[in-house]
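Take a walk through this model, one residue and one contact at a time.

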Amino acid sequence: MLIIGCGPSTPPLGQVHGKVTLDGQPLEGANVEFIPDSGRPSIGVTDASGEYSLQFTNDASGALLGAHKVRITTARDGFSSEGDAPSVEARKELLPPNYHDNTQLKAEVASGDNTVNFELQSKVNDA
């Protein structure tokens, strides 16, 4: 009898994608992080249209099923590249803390395809 082993299996994931806007405009270069109550978070980065898609690992797209706290950040360090690679300019955080450090954003990930959009505002109402 031959037993073939394989690496650790990926837990059940839901595919997650969506759009992030700031004051009604697409938000480019934002990091979107879905953080479950327990387990590994999933991360995506918005493109020029504000669209993102989450990655669980390098080899697996999506996010764990269930409730997630969502953190969205825009700050980044700048760096100069060599060769044909583009340099990246540093950017201060554009978003209020209630979207990242003190996030109030939440999302539920179900099995299958999940579209989760975020319509963010640069000014927070203290109502």
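His68 is buried, with a relative accessible area of 4%; buried means under 20%, exposed over 50% and partly exposed in between, with a 1.4 Å probe and protein chains only. This is a predicted model, in which local features need pLDDT of at least 70 and side-chain atom pairs count only at pLDDT 80 or more, while totals for chains, interfaces and linings use all residues. Residues are numbered from 1 along each chain as its sequence is written, and side-chain values use heavy atoms, with hydrogens and water left out.

His68 is found in strand S7. Strands (E, at least two residues) and helices (H or I, at least four) are DSSP runs, numbered from the N terminus. The His68 side chain reaches the backbone oxygen of Leu64 at 2.7 Å. Leaving aside neighbours within four places in sequence, His68 is in contact (heavy atoms within 4.5 Å) with Phe34, Ile35, Pro36, Ala63, Leu105, Lys106, Ala107 and Val109.

Now look at the strands around S7. S3 and S7 run antiparallel and are joined by six bridges; two strands pair if DSSP finds at least two bridges between them. Glu33 stands opposite Arg71 in S7. S7 and S8 also run antiparallel, with five bridges between them. Here Val70 stands opposite Leu105 in S8.

Step back to the whole chain. The protein chain has ten strands and zero helices. Its pattern along the sequence is β-β-β-β-β-β-β-β-β-β. Of its 127 residues, 35% are buried. Among contacts with a separation of 6 or more, 60% come from residues 24 or more positions apart.

Next comes the interior. A nonpolar core is a set of buried Ala, Val, Leu, Ile, Met, Phe, Trp, Tyr and Cys residues joined through side-chain atoms within 4.5 Å. The largest such core holds 20 residues, and Phe34, Tyr52, Ile72, Phe118 and Leu120 touch the most other members. Two or more core residues come from each of strand S1 (13-22), strand S3 (31-36), strand S7 (66-73), strand S8 (105-109) and strand S10 (118-120).

Which residues does Phe34 contact, leaving aside its neighbours within four places in sequence? They are Val16, Pro41, Ser42, Tyr52, Leu54, His68, Lys69, Val70, Ala107, Val109, Val116 and Phe118.

Two of those contacts lead to the aromatic rings. A pair of aromatic rings is described by the distance of the centres and the angle of the planes. Rings of Phe, Tyr and Trp (its six-membered ring) pair if their centres lie within 6.5 Å; planes under 30 degrees apart count as stacked, over 60 as edge-to-face and the rest as tilted. The structure holds three aromatic pairs. Phe34 and Tyr52 form a tilted one, 6.5 Å centre to centre with 40° between the planes. Phe34 lies in strand S3 and Tyr52 in strand S5 (residues 51-53), so the pair ties together parts that are 18 residues apart in sequence. Both residues of this pair, Phe34 and Tyr52, are buried.

Phe34 and Phe118 form an edge-to-face pair, 6.3 Å centre to centre with 75° between the planes. This pair links distant parts of the chain: Phe34 in strand S3 and Phe118 in strand S10 are 84 residues apart. Phe118 is buried, as is Phe34. Phe34, Tyr52 and Phe118 form one aromatic cluster.

Note on methods: A polar contact is a pair of N or O atoms within 3.5 Å; within protein, one must be able to donate a hydrogen and the other to accept it, and residues adjacent in sequence count only if both atoms are side-chain atoms.
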